[in-house]
Amino acid sequence: MTIKSHDYKVTSLSERRSSIPKETFYNLPEGKRQLLEKMAIREFAAFGYDKASINRFVDKCQIAKGSFYQYFEDKKDLFLYLITRVNEKKLKFLSPVFQNPGQYDFFTLIREMFMSGIKFAADNPEITMIGNWLFKNKSHPIYNEIVGMGLQNAQNIYTELLERAISRSEVRADIDINFVSHTISSMNISAVEYYFQSVKGEETGMQKFDENIIGTVDLLIDFIKNGIGTQKNGGNDND
């Protein structure tokens with residue numbers, strides 16, 4: 001089994017609002033859509049959500065402001081569309097381990113999910129800047145909408161992985177699957193948030209990947225394994 005977006009119930013933000021973006025956006029040539037996406041990422045990365053300007057965005061894209069409203073209802077619709085696209089890209093970014101997940105145990109898979117999330121952030125600095133804005137503005141109404149959806153998508157994936165792990169006696173059968181999948185999903189987001197709040201590029205202020213994070217992730221996975229892993233030989237199997 002290969003993990004793909006259609007293998008899981010992954011809900012996009014656009015499913016929660018009416019048609020994001022509008023059909024006219026999809027009628028554009030692919031190159032034009034990619035340009036709009038690229039310029040939108042740059043705008044939100046540089047200015048955050050509140051200070052991002054549609055006037056500045058359309059100027060950089062060299063389109064009329066009226067054209068923008070043929071594609072999106074408003075700035076929020078553009079932002080939500082970008083987050084949906086980021087989620088799609090992150091799924092494609094998953095470690096090669098997920099090309100054949102049946103070969104690996106549950107704890108190896110979630111370790112790779114944690115590491116892939118961090119590496120994706122490190123390899124996509126502008127997207128990471130948008131994420132950092134969200135983490136720094138947790139009281140903003142859009143934070144709960146976006147992070148809540150991200151948690152739900154991750155929880156759907158972890159639920160399926162947990163069910164399989166239980167059937168393979170890798171995880172205790174007496175756990176509350178919904179609670180555990182929600183908790184692990186939250187830990188994943190927190191791990192990325194913690195890492196990129198503590199590791200900064202010295203010259204640019206941009207985040208960079210540091211191999212030291214591997215040790216931190218391993219400690220977290222060991223914590224999860226000791227909590228829900230099956231008992232072997234009178235103790236937890238940590239080999």
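The side chains of glutamate 145 and lysine 76 form a salt bridge, at 3.0 Å from N to O; the term denotes a side-chain nitrogen of Lys or Arg within 4 Å of a carboxyl oxygen of Asp or Glu. This is a predicted model, in which local features need pLDDT of at least 70 and side-chain atom pairs count only at pLDDT 80 or more, while totals for chains, interfaces and linings use all residues. Residues are numbered from 1 along each chain as its sequence is written, and side-chain values use heavy atoms, with hydrogens and water left out.

The pair links distant parts of the chain, with glutamate 145 in helix 8 and lysine 76 in helix 5, 69 residues apart; helices are DSSP runs (H or I, at least four residues) numbered from the N terminus. Glutamate 145 counts as buried at 16% relative accessibility, whereas lysine 76, at 24%, counts as partly exposed. Buried means under 20% relative accessible area, exposed over 50%, and partly exposed in between (1.4 Å probe, protein chains only).

Lysine 76 is also touched by isoleucine 142, which touches Tyr49, Phe79, Leu80, Trp133 and Leu134 as well, not counting residues up to four places away in sequence; contact means heavy atoms within 4.5 Å. Ile142 is, with Leu36, Phe44, Phe57 and Phe79, among the residues that touch the most other members of the largest nonpolar core, which has 37 residues. Such a core is a set of buried Ala, Val, Leu, Ile, Met, Phe, Trp, Tyr and Cys residues joined through side-chain atoms within 4.5 Å.

Notes. Helix = DSSP H or I, 4+ residues; strand = E, 2+ residues; numbered from the N terminus.
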